Amino acid sequence: MSALGKAMTKFRLALVQLHVSAVKTDNLRRARALVKEAAGQGAKVVTLPECFNSPYGTSFFPEYAERIPGESSQLLSEAAKESGVYLIGGSIPEEDGGKLYNTCPVFGPDGSLLLKHRKVGTGNAATHTH
(Lines give C-alpha, C1' and ligand atoms only; values in the text may rest on other atoms or scores of the structure.)
Protein backbone atom coordinates (compact mmCIF):
# COMPACT_ATOMS: atom_id res chain seq x y z
CA MET A 1 0.00 0.00 0.00
CA SER A 2 1.29 3.47 -0.85
CA ALA A 3 2.15 6.02 1.82
CA LEU A 4 -0.88 8.05 0.79
CA GLY A 5 -3.10 5.00 1.08
CA LYS A 6 -1.84 4.32 4.59
CA ALA A 7 -2.47 7.93 5.56
CA MET A 8 -6.03 7.82 4.20
CA THR A 9 -7.68 5.72 6.88
CA LYS A 10 -11.42 5.48 7.27
CA PHE A 11 -13.18 7.17 10.15
CA ARG A 12 -16.72 8.20 11.02
CA LEU A 13 -17.57 11.91 11.12
CA ALA A 14 -20.69 13.22 12.88
CA LEU A 15 -22.30 16.52 11.91
CA VAL A 16 -24.56 17.48 14.80
CA GLN A 17 -27.64 19.68 14.63
CA LEU A 18 -29.48 20.62 17.78
CA HIS A 19 -32.32 22.76 19.02
CA VAL A 20 -30.90 26.02 20.39
CA SER A 21 -32.80 28.06 22.95
CA ALA A 22 -32.11 31.28 24.83
CA VAL A 23 -30.91 29.20 27.83
CA LYS A 24 -27.17 28.58 27.46
CA THR A 25 -27.00 25.77 30.04
CA ASP A 26 -29.72 23.84 28.20
CA ASN A 27 -27.86 24.27 24.89
CA LEU A 28 -24.63 23.02 26.47
CA ARG A 29 -26.39 20.03 28.04
CA ARG A 30 -27.93 19.06 24.68
CA ALA A 31 -24.60 19.46 22.88
CA ARG A 32 -22.80 17.26 25.41
CA ALA A 33 -25.44 14.53 25.12
CA LEU A 34 -25.27 14.59 21.31
CA VAL A 35 -21.46 14.37 21.31
CA LYS A 36 -21.74 11.31 23.54
CA GLU A 37 -24.42 9.81 21.27
CA ALA A 38 -22.30 10.39 18.15
CA ALA A 39 -19.27 8.79 19.78
CA GLY A 40 -21.44 5.86 20.82
CA GLN A 41 -22.29 5.38 17.14
CA GLY A 42 -18.61 5.23 16.23
CA ALA A 43 -17.80 8.85 15.38
CA LYS A 44 -14.15 9.80 15.80
CA VAL A 45 -14.72 13.43 14.78
CA VAL A 46 -17.79 15.34 15.94
CA THR A 47 -18.77 18.77 14.60
CA LEU A 48 -21.24 21.07 16.32
CA PRO A 49 -23.11 23.87 14.50
CA GLU A 50 -22.28 27.55 14.49
CA CYS A 51 -23.56 29.40 17.57
CA PHE A 52 -24.69 26.15 19.21
CA ASN A 53 -24.64 27.66 22.70
CA SER A 54 -26.70 30.78 21.96
CA PRO A 55 -29.36 32.11 19.64
CA TYR A 56 -27.96 32.75 16.16
CA GLY A 57 -26.81 36.26 15.23
CA THR A 58 -24.22 38.79 16.27
CA SER A 59 -26.90 40.80 18.08
CA PHE A 60 -26.82 38.08 20.77
CA PHE A 61 -23.03 38.14 21.18
CA PRO A 62 -22.84 40.79 23.93
CA GLU A 63 -25.14 38.75 26.17
CA TYR A 64 -23.69 35.28 25.45
CA ALA A 65 -19.99 36.01 24.88
CA GLU A 66 -17.45 34.37 27.14
CA ARG A 67 -13.72 34.04 27.34
CA ILE A 68 -11.85 30.93 26.22
CA PRO A 69 -11.34 29.06 28.43
CA GLY A 70 -14.84 29.56 29.78
CA GLU A 71 -18.08 27.73 30.45
CA SER A 72 -18.68 26.46 26.92
CA SER A 73 -15.08 25.59 26.08
CA GLN A 74 -14.71 23.75 29.40
CA LEU A 75 -17.78 21.65 28.61
CA LEU A 76 -16.46 20.92 25.10
CA SER A 77 -13.10 19.87 26.51
CA GLU A 78 -14.79 17.50 28.96
CA ALA A 79 -17.11 16.10 26.27
CA ALA A 80 -14.19 15.42 23.91
CA LYS A 81 -12.23 13.66 26.66
CA GLU A 82 -15.20 11.65 27.98
CA SER A 83 -16.06 10.47 24.47
CA GLY A 84 -12.49 10.13 23.14
CA VAL A 85 -13.25 12.17 20.00
CA TYR A 86 -11.93 15.15 18.11
CA LEU A 87 -14.54 17.83 18.73
CA ILE A 88 -15.03 20.80 16.44
CA GLY A 89 -16.97 23.24 18.57
CA GLY A 90 -18.99 24.89 15.81
CA SER A 91 -18.65 28.42 17.04
CA ILE A 92 -19.30 30.35 20.21
CA PRO A 93 -19.45 34.06 20.91
CA GLU A 94 -16.05 34.90 22.41
CA GLU A 95 -15.04 38.05 24.30
CA ASP A 96 -11.37 38.97 24.35
CA GLY A 97 -9.94 42.36 25.21
CA GLY A 98 -13.30 44.12 24.89
CA LYS A 99 -13.89 42.73 21.39
CA LEU A 100 -16.37 40.06 20.32
CA TYR A 101 -15.55 37.18 18.00
CA ASN A 102 -17.37 34.24 16.42
CA THR A 103 -14.85 31.57 17.43
CA CYS A 104 -14.56 27.88 16.61
CA PRO A 105 -12.59 25.91 19.22
CA VAL A 106 -11.25 22.44 18.35
CA PHE A 107 -10.45 19.83 21.00
CA GLY A 108 -8.50 16.58 20.89
CA PRO A 109 -9.59 13.23 22.33
CA ASP A 110 -7.63 14.05 25.50
CA GLY A 111 -9.68 17.23 25.99
CA SER A 112 -6.87 19.59 25.04
CA LEU A 113 -7.64 22.74 23.07
CA LEU A 114 -5.87 22.13 19.75
CA LEU A 115 -6.75 25.46 18.15
CA LYS A 116 -9.32 28.18 17.93
CA HIS A 117 -10.36 29.92 14.74
CA ARG A 118 -11.93 33.36 14.75
CA LYS A 119 -14.30 33.69 11.81
CA VAL A 120 -13.44 36.57 9.49
CA GLY A 121 -15.79 37.96 6.86
CA THR A 122 -18.54 40.40 6.10
CA GLY A 123 -20.40 41.20 9.29
CA ASN A 124 -17.55 39.80 11.41
CA ALA A 125 -18.46 40.00 15.08
CA ALA A 126 -14.94 41.26 15.84
CA THR A 127 -15.99 44.68 14.57
CA HIS A 128 -18.46 44.98 17.44
CA THR A 129 -17.29 46.20 20.85
CA HIS A 130 -19.08 46.63 24.10
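At 3% relative accessibility, C51 counts as buried, where buried means under 20% relative accessible area, exposed means over 50%, and partly exposed lies in between (1.4 Å probe, protein chains only). C104 is buried too, with a relative accessible area of 16%. The structure holds 0 disulfides, a disulfide being a pair of cysteine sulfur atoms within 2.5 Å.

A word on the model: it is predicted, so local features need pLDDT of at least 70 and side-chain atom pairs count only at pLDDT 80 or more, while totals for chains, interfaces and linings use all residues. Residues are numbered from 1 along each chain as its sequence is written, and side-chain values use heavy atoms, with hydrogens and water left out.

Let us turn to helix 4. Helices (H or I, at least four residues) and strands (E, at least two) are DSSP runs, numbered from the N terminus. Helix 4 covers residues 71–83. Its 13 residues should span 18 Å at 1.5 Å a residue, and its end C-alpha atoms are 18 Å apart, which agrees; the expected span is 1.5 Å times one less than the number of residues. The buried residues of helix 4 include L75, L76, A79 and A80. Its buried residues pack against helix 2 (24–40), strand 3 (86–88), strand 4 and strand 5. After the helix comes G84, whose phi is positive, near 65 degrees.

S72 sits in helix 4 and is buried, at a relative accessible area of 0%. Its side chain makes a polar contact with the side chain of N53 (2.8 Å). Such a contact is a pair of N or O atoms within 3.5 Å; within protein, one must be able to donate a hydrogen and the other to accept it, and residues adjacent in sequence count only if both atoms are side-chain atoms. Leaving aside neighbours within four places in sequence, S72 is in contact (heavy atoms within 4.5 Å) with K24, L28, N53, E66 and I92.

Strand 4 (residues 92–96) is largely enclosed by the rest of the structure, because 4 of its 5 residues are buried. It runs antiparallel to strand 5 (residues 99–107), joined by 5 bridges; two strands pair if DSSP finds at least two bridges between them. D96 stands opposite K99, and G97 in the turn has a positive phi of about 60 degrees.

Here are some accessibility values side by side.

| Residue | Relative accessibility | Class |
|---|---|---|
| S72 | 0% | buried |
| C51 | 3% | buried |
| C104 | 16% | buried |
| V120 | 69% | exposed |

V120 lies in the segment after strand 6 (113–118).
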